[in-house]
Amino acid sequence: MKYLKETATLKYFPEKCTGCGRCGEVCPHNVFSMSRGKAVVAHRDRCMECGACAKNCDFGAISVDAGVGCAAAVINGILRGTEPSCDCGGSSGSACCC
Amino acid sequence: MKIVSTIDTAQSLKPLQAGGVCCGPVLSTRGGPAMRSYPYNGRYPAWITGEINSAEGPVPVAATVLRPSEKFAHIRARVTNFRMRFSVEPGLYAVGSPDRSSDIFISANYKMSFDILRSSLHGMNAWILVLDTGGINVWCAAGKGTFGTDELVKRINSERISSLVDHRKVIVPQLGAPGVSAGQVKKSTGFHVLYGPVRASDIAGYVQSGYTASPEMRRMRFAVMDRLILTPMELNPAMKKLPYLIVVILLIFGLKPEGIFFRDALSGGVPFIAGAFGALFSGAFLAPALLPFIPFRSFALKGWVLSMAVFLLMINYVPLFMFESYYLTAIMLVFFPLLSSYLALQFTGASTYTNLSGVKKELKYGLPLYIGGTIIAVLLAAAYKIQEWGIL
Ligand code: SF4
Ligand code: SF4
């Protein structure tokens, strides 16, 4: 299953990559693969912007606007004029965030 | 076995604070650093089978076989708001009889997360270090940062893990990685973070193969069962809002120049009430269930086309929905597929492959259409009433 094309905010800076392989290990959608001692973004459209790769790259070679892709959270954010906030307390929540 | 009573063990379930953590109770956090916490302070729930002595004092031993009542609680947590009160006390637990060389698995204090982990460790000797995530599962808590570097570092220190074991590694579920920086944990505590497999059921294989996870173990799946298990939480909130829609439908059909007539409300309203149920079922259940088989990548579009197909079938083949008035047919085809689309879009929150940028994009185009479509449906209803009353 793939989500929308070319929306993911994943950025990769190969010049900073040391080829440690952490990003490939933590990514739940196999976005990275390793080639000649460096990471390669092989499946950008699979990225769900979870942020695991950027958080675990010790060399700052990856950046991504991490967040939960949850419509309820985005609508919440729009209504309150804030960032998307998953406030699923009470009856309003879908399975989002739990 | 002696029960150690010490410092700072008063713990209670606090009600969810307004604006607080989403989807879960806030378990009280303990005081300063380097204070070992004793979960439940010796007043153990039934799934604790005893205590084991460790270098750092007694540690409660958790059963690795879930009892029927616990499995039932899992179903309750899937279907109702019970999941917001479904937590265990953070701290250190044992399964089997672990020693100074045993593995340390990190978990969240959502009881479902903890239960799945401990039952996957059946037959093994291991430590489980439960972080305080406010009763939220690993993945969601990692996204919020409550399952994160700071809490992990704090627990490794406060539970004195470095004197509990001789090795220097902790096994963190891969789905916790969005909250945990392995490098920072290493720097602050000396412990290496090993990322375990996505699914706890792969843990035995992961440990046996020398702490390596196959690519398959690293992938998040979203199979039909994974999706179905999430649909109650889509249907439930939608069902709660349905009565409002039903009242509006009854009012529209019951309203006459002479007053509100219940008989007309019912006879005219029934097809639309059935339609509302259909839209809900299509958007919150069928669309998630059939997700990969519906064309388009956008959830909003998937929800819309599926529901449109359903309603086109209904107005052509089901007598209840074969209206004489074109207005009624139009209302049905304008409003209900949009409602389903909106509901299907909500499923982005539960799906395991949507991203925030994509959802924002869907809403950017979707919201104006939802609002516009609702206005058109209201105008059509007005036109229908005007025609019915013969005003024009
Ligand atoms: S984690 Fe960073 S440094 Fe390591 S391979 Fe990935 S991008 Fe390169
Ligand atoms: S943000 Fe998550 S899904 Fe996207 S590449 Fe990084 S680890 Fe993979």
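**Note on the predicted model**

1. In this predicted model, domain 1 of chain B and domain 2 of chain B together bury about 430 Å² between them, and carbon and sulfur atoms account for 53% of that area. On the side of domain 1 of chain B, the residues that lose the most area to domain 2 of chain B are Arg78(B), Val79(B) and Arg83(B), which together make up 86% of what that side buries.

2. The two parts in question are defined as residues 61-218 for domain 1 of chain B and 224-389 for domain 2 of chain B. Their C-alpha centres lie 41 Å apart. The contact involves five residues of domain 1 of chain B and five residues of domain 2 of chain B.

3. What polar links join the two domains? One residue pair is in polar contact between domain 1 of chain B and domain 2 of chain B, while the count of salt bridges across this interface is zero. The residues with which domain 1 of chain B touches domain 2 of chain B comprise one nonpolar, two polar and two charged.

4. The interface of chain B and chain A may be read next. Between these chains about 4,500 Å² is buried, with 60% given by carbon and sulfur atoms. Chain B contributes 58 residues to the contact, and chain A contributes 50 residues. Within chain B, the residues losing the most area to chain A are Arg297(B), Tyr353(B) and Leu356(B), together 16% of what that side buries.

5. How many salt bridges cross the interface of chain B and chain A? There are two. A salt bridge is formed between the side chains of Glu25(A) and Arg218(B), at 3.6 Å from N to O.

6. Several elements of chain B give two or more residues to the side that touches chain A, among them helix 3 (138-144), helix 6 (182-189), strand 9 (192-196) and helix 10 (232-254). Helix 13 (326-346) and helix 14 (356-389) of chain B are also included. Helix 14 of chain B supplies the largest share of this side, namely nine residues. By class, the side of chain B that touches chain A has 30 nonpolar, 16 polar and twelve charged residues.

7. Two ligands also deserve attention. Ligand 1 is surrounded by 13 residues, and the closest are Cys17(A), Cys20(A), Gly21(A), Cys23(A) and Cys57(A). The shell around ligand 1 consists of nine nonpolar, three polar and one charged residues.

8. Around ligand 2 one finds, among others, the cysteines Cys27(A), Cys47(A), Cys50(A) and Cys53(A). The residues around ligand 2 also include Leu10(A), Pro28(A), Val31(A), Phe32(A), Met48(A) and Glu49(A). Divided by class, the shell around ligand 2 holds ten nonpolar, one polar and one charged residues.

9. A last point concerns a single residue. Val207(B) is part of helix 7 of chain B, which spans residues 203-208. Which residues does Val207(B) contact, apart from its neighbours within four places in sequence? They are Asp103(B), Phe105(B) and Met124(B). Between Val207(B) and Asn355(B) the separation is 148 residues in sequence and 31 Å in space, taken from C-alpha to C-alpha.

Terms used: Residues numbered from 1 in each chain as written. Chains lettered and ligands numbered in written order. Predicted model: local features only at pLDDT ≥ 70, side-chain atom pairs only at ≥ 80, totals over all residues. Heavy atoms only, no water. Near = heavy atom within 4 Å. Nonpolar A, V, L, I, M, F, W, Y, C, P; charged D, E, K, R; others polar. Domains from an automatic or database assignment. Contact = heavy atoms within 4.5 Å. Buried area = accessible area lost by both parts, 1.4 Å probe. Salt bridge = Lys/Arg side-chain N within 4 Å of Asp/Glu carboxyl O. Polar contact = N/O pair within 3.5 Å; in protein donor to acceptor, adjacent residues only side chain to side chain. Helix = DSSP H or I, 4+ residues; strand = E, 2+ residues; numbered from the N terminus.
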